[in-house]
Amino acid sequence: MSTGLGVRNPEVPKEQITVNPNTGQKTVRMGDLEFPPRKVWMKTFGCQMNYHDSERILSHLTDLNFTRTDKVDDADMVLFNTCAIRDLSNNKFYSQLGEMKHAKKKKEDLVVGIGGCVAQTEGKELVKKYKHLDFAFGTDVIDQINDMVFRTYSGDNKFTINSWDRSENFSIETKITHGSPQAFVNIIKGCNKYCTYCIVPYTRGKERSRKKAEVIEDVRKLVEYQGIQEVTLLGQNVNSYGHDNGETLSELIMGLEEINGLQLIRYTTSHPYDVSDELIAVHGTSKKLSNHLHLPVQSGSDGVLKRMHREYTIEHYLGLLEKLRKSNPNIVLSTDIIAGFVNETDEEHRMTLDLLDKAQYDFIYSYAYSMRNNTRASKMEDLLTDDIRGERLREIQKYQLGIQAKIREKLVGNQYRILVEGYGNMGGVKKWRGRTNCNRIVHFLPSSDEQDLQWNWVDVKVTSATALSCQGDLLEVHGRRYPTSK
Ligand code: SAH
Ligand code: SF4
Ligand code: F3S
């Protein structure tokens, strides 16, 4: 039995599913309760881990006869998967939760639940405060979602479950409901780093890794039975994967490499302190590992890094980039930056601009520092104003766009094989888009308007590139399986 994301209560009856052979209608019974077909609307905030958790929650809910809807007005149950990383994500959630009050007035039996990082730390208070909120659940109990929904429909609502799963083993099976050939696979949960600004160790708990053999078997099944061709190994700090079991990320990648039919392996997110020489070597030797690496630096100043408790210096960090580029000359790098950390001086801020010059990132995610309650940084006296943080953030973004434009103009003329992820309307024309192995999005025109290229592998040639977007010409369509002969 899987353990690691909440053990189900043995006293709660299990789902009994029957399908009427004539009508195809599914009936689900749990104890005395019958679950007719219902609709769930789910809104996810935050990082890829949260999106991954939402998939898992929705997959469990199908066993209770729920199907997903995009229309909140059609929903019988509304779930929010929340993020606590910055004020901005918090605020968006609170305003949407407020709106549900009116929705519940219109539809009395509407069930409203919240999960994720805000629910982990503040669930109890929120359930008390918002009369229209039925239940809250934390990040480590998502495999108990059906027990919680059963409890709500039994009339016992207004509860919070946010306990930590104490099992020694983190053992799960990936659950996906989408039909795409890309899958996220959670290999490690939690974070032991305690960067002084960050809430994640408090919302996601202690690090626990899945066993290498289990992950490889999980991915093999995804490839064989669900047509997965690309996996992204997921964790808050995937570089410390396996520390608890005497295994390593490099060994895992080399193990996954052997799986026939798997084309591309990505991993996210990395902490620079834990990037080993062995892993750097794998970036050179692995044939399936992506040519892109996201390596969050946070600041270009050693003083700030120290106050953030990041455990590396800029010299060490730049040394890593150099070694990575030597190991794989095609590697494309990106990062995260926090502008205006507690008491950051002008000079420290300029060191971040200087780092951008030296590192030559393909793109960055940048954020103004946002104070999070209970973190160590929240206890430091902070003299910097939000205006200065905003100004510095804009300066960082503008500076990086200049660097990025120069890197990207060199892409013109290059040919890439991409996996088509979707299409959009660009200036009134329908353009498809796909992602290169090195994680750049290329937009291109189909041969005809009717051509359906979703999840096809295609070759494109880049015709123009700006800092933020890349346009290409379609050269060849290979179909939904990666062409083996070329
Ligand atoms: N575990 C990952 C991701 C953490 S959250 C990592 O270590 O890289 C993603 C990013 O959010 C972080 O890299 C950081 O740049 C940013 N972030 C985290 N806490 C923040 C805060 N309090 N204020 C502003 N940005 C923050
Ligand atoms: Fe947060 Fe640091 Fe852990 Fe990343 S490594 S999740 S920034 S504490
Ligand atoms: Fe947000 Fe939690 Fe992810 S705080 S960034 S959803 S781990």
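Q: How are α6 and α7 oriented to each other, roughly parallel or roughly antiparallel?

A: Angles under 35 degrees count as roughly parallel, over 145 as roughly antiparallel, 65 to 115 as roughly perpendicular and the rest as oblique. Axes are lines fitted to C-alpha atoms, for helices over the stretch in contact, and angles run from 0 to 180 degrees between N-to-C directions. In this predicted model, local features need pLDDT of at least 70 and side-chain atom pairs count only at pLDDT 80 or more, while totals for chains, interfaces and linings use all residues. The axes of α6 (residues 212-226) and α7 (residues 249-257) come within 10 Å and cross at roughly 30°; the two helices are therefore roughly parallel. Helices are DSSP runs (H or I, at least four residues), numbered from the N terminus. Residues are numbered from 1 along each chain as its sequence is written, and chains are lettered from A and ligands numbered from 1 in the order in which they are written.

Q: Which residues of α6 and α7 meet?

A: Two residues are in contact if their C-beta atoms, placed from the backbone, lie within 7 Å. On the α6 side these are Lys212, Val215, Ile216 and Val219, and they meet Glu251, Leu252, Gly255 and Leu256 of α7. The contact has five nonpolar residues, one polar and two charged. Here Ala, Val, Leu, Ile, Met, Phe, Trp, Tyr, Cys and Pro count as nonpolar, Asp, Glu, Lys and Arg as charged, and the others, Gly among them, as polar.

Q: Which residues come nearest to ligand 3, and which helix gives the most to its shell?

A: A residue is near a molecule if its C-beta atom, placed from the backbone, lies within 6 Å of it. Of the 13 residues around ligand 3, the nearest are Gly46, Cys47, Cys83, Ile85 and Cys117. α1 (48-62), α3 (116-129) and α5 (200-204) each supply at least two shell residues, and α5 gives the most, with three. By class, the shell has eight nonpolar, four polar and one charged residues.
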